[in-house]
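Keep the sequence and the 3D view open while you read.

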Amino acid sequence: MDILRFATAGSVDDGKSTLIGRLLFDSKAIFEDQLEAVERTSRDRGTEYTDLSLLTDGLRAEREQGITIDVAYRYFATPRRKFIIADTPGHIQYTRNMVTGASTADLAIILIDARKGVLEQSRRHAFLTSLLRVPHLVLAVNKMDLVDYSQERFEEIREEFTAFASKLNVADLTFIPISALNGDNVVSRSENMPWYLGSSLLHHLENVHIASDRNLVDVRFPVQYVIRPQRATDHAFHDYRGYAGQVAGGVLKPGDEVVHLPSGLTTRIASIDTFDGPVEEAFPPMSVTLRFEDDLDISRGDLIARPNNQPQVAQELDAMVCWMADGVKLTPRSKLTIKHTTRTARAMVRDLHYRLDVNTLHRDEEATALGLNEIGRVSLRVTQPLFVDDYARNRLTGGFILVDEATNGTVAAGMIIDAR
Amino acid sequence: MLQRDYTTSQLDVLEAEAIHIMREVAAEFERPCLLFSGGKDSIVMLRIAEKAFWPAAIPFPLMHVDTGHNFDEVIDFRDRRAQELGARLIVASVQDSIDAGRVVEETGRRASRNRLQTTTLLDAIEEHEFDAVFGGARRDEEKARAKERVFSFRDDFGQWDPKNQRPELWNLYNSRIRKGEHIRVFPLSNWTELDVWDYIRREGIEIPSIYFAHTRKVFERDGMLLPDSDVVQRGEDEPLFEAVVRYRTVGDMTCTGAVQSTAATVEEIIEEIAATRITERGATRADDRASEAAMEDRKREGYF
């Protein structure tokens, strides 16, 4: 059994909470005491139906305002897979939350109301999904029961959305007509839509192939922590020196020739160690400890790659940035802390090339700042070389966060598009 | 080109993520500590810590906030496990906080030291100048926890502000704090109760005996089975009876209920949990029943 992480975007109006509630309920991930609490609250408020959004809207402020503010993580499992849902609010003022949820997602579900068709917010959600390079996108055309399960309406929406998606980087796009309320095509195939020959949503989630979404080609091992046992009792490990980290790309094997960055020196992997014994290979997302044949000066923030396949060693970066801070704005000359893989440095914004309208994709080249939830292309200069790949090639070596040096808050997510 | 399918099992993914989080903390903080109660989640967390730094010792101390109302079996287990690992165990005592006048003991039948723990915990964090504190909380436990970050920022009053949390992207965690502030770190955020048990089974990890079915004198209150003990005040209308029970969670005797169960092995526990229709906190924790936002309120104050 493996794990699929998926993000859902939308509002209560789209039936998102109903859909999640149904997936959780039908997979028995909602428990009786949780359901009772939700039923009680729905009754107390005079709601006619059991408001399943109460299951996910966990904060007092959210329940008071009847909206989802933050990313909520929910869990369910079928015999085939464990699922982690990052349930994100759909409104434009919560773009940063959707970006957060999408950053680790293997798949995103965008809900469309079959009556309303492709709206501005559907385009925005699709754009953010593609910006964050979520490998699989499902367009769930919901409320099919309210359009008489019309194939024609479904096809219209499919055509309109496909035309729009061709402008984006969407590798795998699937359309599923559903009714979350009635359960059509959610867990099992609907008898109300015999014209639909594809899988139910759950069947798709259970079977979509994600193992090859990780980058298994470019070896990237950011050194996270140096392990040197200090205790005298460990005679066998007296001279032990291992480099611990989580594999960010490629497949490593003992005997492989590797290059250490920033030194550029080469050595071979002597052993790939774990608590449970040495392993024959390591690949994402494994956390392992490497030992090398030669004694190199290696520390946290360095990176191990292959001599013939190295990342860019860059101090000048171009990146798409989503600004996440209230109040302070990103402007040229802003100085921030950048955290990229296991390396932390300082960065200065050299240039803001444009601000992107996330609804129309229009580029405003006159923009002088990025405010909360705004996305734009920037050039950064970094005080130390970073070992980077294009975000499109590797989300882990292509992504970074920016931290405000005054407040210590995380103020931006960045996706590298070009490095020098 | 690839000859094999690089699928990774859910436990391996969760373990790798938790190890990454632990190493990140060890690398970026000066004085971390790991909250170890002897409960199953903290036992799993401790195993992850062993794995993350092997063959080196765990590079931070363990700490337990002891209410004085814990089960003997669990305290024995706690001490033995810490000794086996050669780890330093700090015990912060709620009794000491009461004696020092930092908190006032609740009175009455429902008196519990559960809420008092927060003060003891925050005082200990301040005294030892801990800047990162590992906790075993999981997001599937409770809906306020479902929104908490892996690196959860606490101000210098130890408070959590759910509306002002740092966004967390990819596997990048922001460890920046000022002096006096700290980060609560939850490496098991993405684990479910069943994952924890599956992991205990896979790893063959020892757990305290009270997790398994045993005969115990109990009484019923609010649909929960509370143990016969000096520290639990029982009314005359709450008769004792003997039952075969086990604990799904291990907390204070005053607010942790047992469940009727005959599960005597980890396999049987997993079978039982897979079939159950009640959450672990709903079944066994009186502390969460106070109000719909009980957990959020306690967390804001600095609770685990």
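**Exercise 1.** Describe the make-up and overall form of chain A.

Step 1: Chain A has 9 helices and 20 strands, where helices (H or I, at least four residues) and strands (E, at least two) are DSSP runs numbered from the N terminus. This is a predicted model, in which local features need pLDDT of at least 70, side-chain atom pairs count only at pLDDT 80 or more, and totals for chains, interfaces and linings use all residues. Residues are numbered from 1 along each chain as its sequence is written, while chains are lettered from A and ligands numbered from 1 in the order in which they are written.

Step 2: Along the principal axes, the C-alpha atoms of chain A fill a box of roughly 70 × 55 × 40 Å.

**Exercise 2.** How do the axes of helix α6 and helix α7 of chain B cross?

Step 1: The axes, lines fitted to C-alpha atoms over the stretch in contact, with angles from 0 to 180 degrees between N-to-C directions, come within 10 Å for α6 (residues 193-203) and α7 (residues 266-275) of chain B and cross at roughly 165°.

Step 2: α6(B) and α7(B) are therefore roughly antiparallel to each other, a term for angles over 145 degrees.

Definitions and conventions:
Parallel < 35°, antiparallel > 145°, perpendicular 65-115°, else oblique.
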